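Subject: Structure handover

Hello,

Here is the structure I promised you. Please open it alongside this email, and then read my notes below.

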Amino acid sequence: MAGAKLTPSPSEIDPDVKTEATKSSEEPTWVNPSMPIRTMGSFGSDAGQRYQEEYSMDSTNAQVQVEFYVNENTFKERLKLFFIKNQRSSLRIRLFNFSLKLLTCALYVLRVSLDDPEQVTGVCVNCQNRTSTTAESTESTEINWELIFWVNRRVPVWAIQVIVALISFLEAMLLTYLSYKGNIWEQMFQISFILEMINTVPFIITIFWPPLRNIFIPVFLNCWLAKCALENMINDLHRAIQRTHSAMFNQVLILICTLLCLVFTGACGIQHLERASNQNLTLFNSLYFCIVTFSTVGYGDVTPHIWPSQLLVVILICVALVVLPLQFEELAYLWMERQKSGGNYSRHRAQTEKHAVLCVSSLKIDLLMDFLNEFYAHPRLQDYYVVILCPTEMDIQVRRVLQIPLWSQRVIYLQGSALKDTDLMRAKMDDAEACFILSSRNEVDRTAADHQTILRAWAVKDFAPNCPLYVQILKPENKFHVKFADHVVCEEEFKFAMLALNCVCPATSTLVTLLVHTSRGQEGQLSPEQWQRTYGRCSGNEVYHIRLCDSKFFGEYDGKSFTYASFHAHKKYGVCLIGVKREDNKSILLNPGPRHIMAAPDTCYYINITKEENSAFIFKQEEKDNKGLPVAGLYDAPSRLPVHSIIASMGTVAMDLQNPTDPPEDSSKLTLPTENGSGSRRPSIAPVLEIADSSSILPCDLLSDQSEDETNQSDEESSSVSDFVKGYPPNSPYIGSSPTLCHLLPQKASFCCLRLDKGCRHNSFEDAKAYGFKNKLIIVSAEMAGNGLYNFIVPLRAYYRPRKELNPIVLLLDYPPDNHFLEAICCFPMVYFMAGTIDNLDNLLQCGIIYADNLVVVDKESTMSAEEDYMADAKTIVNVQTMFRLFPSLSIITELTHPSNMRFMQFRAKDCYSLALSKLEKIERDKGSNLAFMFRLPFAAGRVFSISMLDTLLYQSFVKDYMIPIARLLLGLDTTPGSGYLCAMKVTEEDLWIRTYGRLFQKLCSSSAEIPIGIYRTESHMFPSSELKDGYPQSQVSINVEDIGGDDQRDNRSESWKEKTRTHRMSTTSESEHPLLRKKSLQWARRLSRKNTKPPSRTERFSQQRLNLYRRSERQELSELVKNRMKHLGLPTVGYDEMNDHQNTLSYVLINPPPDTMLELNDIVYIIRSDPLAGPNVPEDPAQGQSSGGGRMRQDFGTETRDETHL
């Protein structure tokens, strides 16, 4: 805005500025300077805008009105504003100009079609009219120049062409005048101006000179002016609608227009020049010739005959060779850039199709495949499109994957930032069904990665408030910034809670990972190993939901207790009901116990191989015949699902012992103690009450000391645990942590007392041995004390953990913790820290590793990023391998950055069994399995874990919005009043009378209202290997070559021995402490080692013995090394274990196994126990009340109390 200069002299005022001074009247009207008056010009746009300001002069009290932008009120400026500056009016002018040029081209085509070359009227030099005819025969090379310069133009066509030419001429002159910048020659020598003059001035001359009306005018050249008008029109259109098409669109449009103009110019020029020859070409033939020529086909059936037309062809080809390559080069460059950036997702597709957006900092192939496999695993998402918005250029591996037809039609990659509205518009975020925002966990600074994720979430929420957000956060302290998101998964919260539960409930990480992955249970079904088939089949179990009133499984239990519904649903259909949600309550309750009465609107959550909607109910024939029997008899032949859904018939599973048919082989082992010396016996499984009797639910004060905690304890033990109280931790290390009732110290411990390896004025202990802990230690090795470690401690100190079973926790940290973290953990009992690393043997011995039961190795942030991606776990794997050699009996739980690296855990070269598992993994991956790594022994046993396995938890939440709350309840991250918690119990010899998992489910439901969800099974296994069995602690397993090379008769004997021992174990209580060896793996070993079918020679046997001695000596060297370091540190060497307890065992998880699955010794059963704060939800059987006193029957699960069944 130009300023106004106020001077008293009128001569100094700019002549272009109109200044008007008015004297103040009696009642002057003042104009507020902060609110200037705005007047509009006659054109309704910015022209004529005036800001009027009145200034008061203190001396004269005069008002001076100054009008600004007065120069825009001139006629020239108004025309310039209308024709050029204003977008909408300029667009209309250019559209009109474009239409005129097209009209001139159409009129030329019309004139050519009406032209008769035989009758051409021209003018001589002396301007005398004459008529010449070309009917006379001439030679082919003779050129009739008169036909080139003169044409036969009819009067109506001429009149229209003159009018159009006049309008075009006036418009061209006006635009030239308006765009004049001081150099007239620059304006006149522009190509567009020259073409305009050539095509308009001759027509205007013919108005005043009629004999020239038939002169030839190359009007077809107006196509180039139409091309320029179209380009300008597109630019004005972008300005008018405030939208910008891609550069690719403009370049393609220019290329197409250039080709059309070249072809049209060539066709019209050749047709006209060929009129001078004796072989006239029609306009269509000329067009055909041009297309054939420019396409380099060159049939030769149509050719120019005279040299002017041939010269024109040469000129056109030269122009094409210069212009077209430049156009194609620009187009190719834009195409490559578009391939990098990904282009756009059209608005039409966004409104007619469903799509989800994935926002990531950097896209790796593993993350992409995990997302795509899990996202498209659900049938309802097959028609969805995935738009990936990533600021980095597409990786080569990602590009190859996205070129696969399976993904190329459904995945769109856009290079852009979520912080830019233009990129969010390209991804059509406002029309997306969901937006997944993932953090870059491989960043060195994880806090910075979280900050980027938070900004992305804010940007998406600001741009598309209605788009559902699924956010992944790394650090728990940053979680409250994205609390507005629909679903949030905090990586460190889940990671540390899962690692903590792994210490008390073995393989919890494997259990949860299998639950949150989508599978149909087909993995491993072609394997010769029985455990792999069972394990793969059970891995297909997932959590599903259904309303009670719509369910066939649970619809009949309306008005019954939750425990009753879970008992009978599992007994009848084999489904595991684990939770429920009221219609008027948003909280999900896991195993609310018998107090909860099921209602029709309730939502039921159950574990099954498939959801109920995909199940077919096939009833047995004998069930139809039993309609007249009592209800209890119907369960002898219940309904079952098809084979593919793996819901077995319960006819022989939930059998009552009062049934005289099919008695057990050794009934004395299942006979329960009699009552009052009589021969009658009670049923082995008590019935579950439909509605819990209030008299059977005893009051319980959980804030006081529980009686079972002090049972069978010595005075010393009871005094050590009596100091603990129950309450909520007073200090939380971050905002947003869920309050959990825990075991706490009556008074906070001093910071100096938390240091394990240094004494203080309160105690002089300097190592774990000096403390004299009663329970085994849990050691956590981490780089630094982050807030996530708080979630490791809380589940292990939760109020429902028996006091006598609390394990001391030792934090082995690379860097000492700060006071903020110590303030948060000083209220928990038996929690210590020590500065040290796992690659230092002295640090391990000082923190009490020989007294530890579990060692948790947390992935270090500083090693998560490496030059080679998969090398990030190298240091962790080697250190764990070393510890496994030094301390073979220690259970080591390791976190890895990349799941594919778990094959290196407890690695042993030339191990045939590991090689076979590797082949099986590749087969499952080729089949498209999402769980190809599940058969790796460390993962199956729960000894290795990668947080990337839980990415599917966020992806599944798009379809199952309840998965994150259920996972948090299972891991103890949230404690909802009335909701149960996950724990485990061990099957002992006294429990084998229960025989099957189905009967165990019924027994736990009826006696203690507990819901089993799976089994952790450990088997002794003979592992085939190409090396001998040795004392290597790192070897998972090995077997002698002689066992591999046995004959078929020996194999038959092993099979018969296996059947006998299995029958014996089922009928009697085993005297051995270890499970029976499985021999079926020998068959698999023989198939893998056919080259070893011959027994070894004597020389080979001697060399193998020497190899054994060598390895045994290496084992002794490692043992001596550890003992020497212990002596140097002043530690006793008595507790050092030299044997490997896990040498010939394998472990795996069975989620909701078939009810007829036989229980085995040392099986660990995962159970969801009801909330003790809601009262002891244990219905008491009236027949058992006198002898059992309302508790669990001692004869059912041995002499241990209820809490003693915990691990």
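Start with helices α20 and α35, which are roughly antiparallel to each other because their angle is over 145 degrees; under 35 counts as roughly parallel, 65 to 115 as roughly perpendicular and the rest as oblique. Helices here are DSSP runs (H or I, at least four residues), numbered from the N terminus.

First, some ground rules. This is a predicted model, with local features needing pLDDT of at least 70 and side-chain atom pairs pLDDT 80 or more, while totals for chains, interfaces and linings use all residues. Residues are numbered from 1 along each chain as its sequence is written, and side-chain values use heavy atoms, with hydrogens and water left out.

Two packed helices are described by the angle between their axes and the distance between the axes. Axes are lines fitted to C-alpha atoms, for helices over the stretch in contact, and angles run from 0 to 180 degrees between N-to-C directions.

Back to the pair. α20 covers residues 562-573 and α35 covers residues 997-1008. Their axes come within 10 Å and cross at roughly 170°. Contact means heavy atoms within 4.5 Å. On the α20 side, the contact residues are T563, S566, F567, H570 and K571. They meet Y997, G998, F1001, Q1002, C1005 and S1006 of α35. This contact has four nonpolar, six polar and one charged residues. Nonpolar means Ala, Val, Leu, Ile, Met, Phe, Trp, Tyr, Cys and Pro; charged means Asp, Glu, Lys and Arg; the others, Gly among them, are polar.

Next, α4 (residues 155-178). Helix α2 (residues 87-114) packs against α4 at about 150°, with the axes 10 Å apart. That angle makes α2 roughly antiparallel to α4. Their contact includes F96 and L100 of α2, and V157 and I160 of α4. By class, there are twelve nonpolar, four polar and three charged residues.

α4 also meets helix α6 (residues 191-208), where the axes come within 8 Å and cross at roughly 130°. That makes α4 oblique to α6. Among the residues in contact are W158 of α4 and F193 of α6. Here the classes are 13 nonpolar, six polar and one charged.

Last, the largest cavity. What lines it? There are 16 lining residues, and E492, F496, M784, V858 and E861 lie nearest its centre. Helix α17 (residues 491-504) gives the most, with three residues. The lining divides into six nonpolar, two polar and eight charged. A cavity is a set of points, on a 1 Å grid over the protein atoms alone, where a 1.4 Å probe fits but cannot get out; lining residues have an atom within 4 Å of a point.

Best wishes

Technical notes: Helices (H or I, at least four residues) and strands (E, at least two) are DSSP runs, numbered from the N terminus. On a 1 Å grid over the protein atoms alone, a cavity is a set of points where a 1.4 Å probe fits but cannot get out, and a pocket is an open set with protein on both sides within 12 Å along at least five of seven lines; lining residues have an atom within 4 Å of a point.
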